[in-house]
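Have a go at each task before reading its solution.

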Amino acid sequence: MMNARTVMLVLSLIVGLLSHSVNAQEALLLRPGKVFDGTEMRDAWVVLIRGDRIAAAGPYDQVQSPRGARIVELPGLTLLPGLIEGHSHLLLHPYDETPWTDQVLYESLGQRIARGVVHAEKTLMAGITTERDLGTEGAGYGDVGLKEAIELGVIPGPRLIVTTRAIVATGSYNPKGAPELSLPKGAEEADGHDDLIRITRDQIGRGADWVKIYADYRWGPGGTNRPSFTEQELRLVVDVAESSGRHVVAHANSVEAIRRSVMAGVKTIEHGDEADREVLQLMAERDVALCPTVAASDAIMQYRGWRKGVDSEPERIRQKKASFRLALEVGVPICFGGDVGVFAHGDNVRELELMVEYGMTPLAAVRAATSGNATILELDDRGEVREGLLADLIAVRGDPTANISALREVVMVMKGGVFYKSP
Ligand SMILES: [Zn+2]
């Protein structure tokens, strides 16, 4: 015989189970102050979430809210698509903590991956729900493992697009050491026809979503940027990658390496420090995007002793500003990608703040970080607040299209309809 207490317990268990199964189907209605939909700021919009998708988004009097939908009030907040970071290294940490060479040579793989786990969470909490990671810099295929662990729900982090080890030309990349030594490099060396085909395919087979190649490096006379691969070599890598349904991203600072990369068919150019008008025009014509990584240059110069706001601007910063402004003028698609890892993960917005400081409007910067990068990275299921897209959404205090630093005030993070930071 069950006593009353047991009956109550059983009943409450049944009710609990029922309400749980209802919750799994539950619709969620977000009512923010404003919505930035990826293109424009919208007033009086609501967003309905069902499962991992946006079921509806629009003016509150036009969106049918199902009975029993859970309503989440976000008064005074701006709701926008989760940000898409275009250039990170989750397996690196800031160079003023440990120089790059020492990270590559002396840190164990275990330590580096442990750091990567922490970095992934910080990145997500900063409102980055998708991130393209551009090379493990000596940490093998750790990025593939991080991506897997995030997808399986083992650790929190952004949706990752990974490149594994990246490809460099023999003799070009670091660490070097004494000429008698053959130190392990921060990326995988490959040269010439057969070798490049094999290494490109090998990285793809081990999990690369994009193939990253260093089209130049500081190996010219006096440490200047000079091309590392011939145009034919670059074209070969692009052919092999594209055959497999993947794009190529090129590290390139010198005009010649940018030109060769664009002609070879790469999709994005990273850094582009020395880009001139002519090569930027070529990029615009071929719809090749520039990830300017202005925050990395800003951080590195400060690590070298530049006191920003006190000392005059170093030549490298002046050059960076000039090439960035030229790129804007010429109409090159600008990717939001800061080379995070050089500076702290979670501080990704630093790149957007500097893009604005260098001449971009805050509106254009927020577009770059949402719908812009979704277009550049060909992610047609995200980057906008629109019916049918992934429910990757964040809420911030203030209006980032007026003040870009509002993106630092992230009070809600949702990825695939799940709250990682609750408002
Ligand atoms: Zn990088």
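A residue is buried if 20 or more other C-beta atoms, placed from the backbone, lie within 10 Å of its own, exposed if 12 or fewer, and partly exposed in between. This is a predicted model, where local features need pLDDT of at least 70, side-chain atom pairs count only at pLDDT 80 or more, and totals for chains, interfaces and linings use all residues. Residues are numbered from 1 along each chain as its sequence is written.

**Exercise 1.** Work out whether Ala 44 counts as buried, exposed or partly exposed.

*Solution.* Start by finding Ala 44 in the loop between strand 2 (41-43) and strand 3 (45-50); strands here are DSSP runs of E, at least two residues, numbered from the N terminus. Next, check the backbone: phi is positive, about 55°, although Ala 44 is not a glycine. Now count: Ala 44 has 13 C-beta neighbours inside 10 Å, so it is partly exposed.

**Exercise 2.** Find the peptide bond from Asn 174 to Pro 175 and say whether it is cis or trans.

*Solution.* First go to the loop between strand 9 (167-168) and strand 10 (188-189), where Pro 175 sits. Then read omega: it is near -5°, and the bond is cis.

Technical notes: Helix = DSSP H or I, 4+ residues; strand = E, 2+ residues; numbered from the N terminus.
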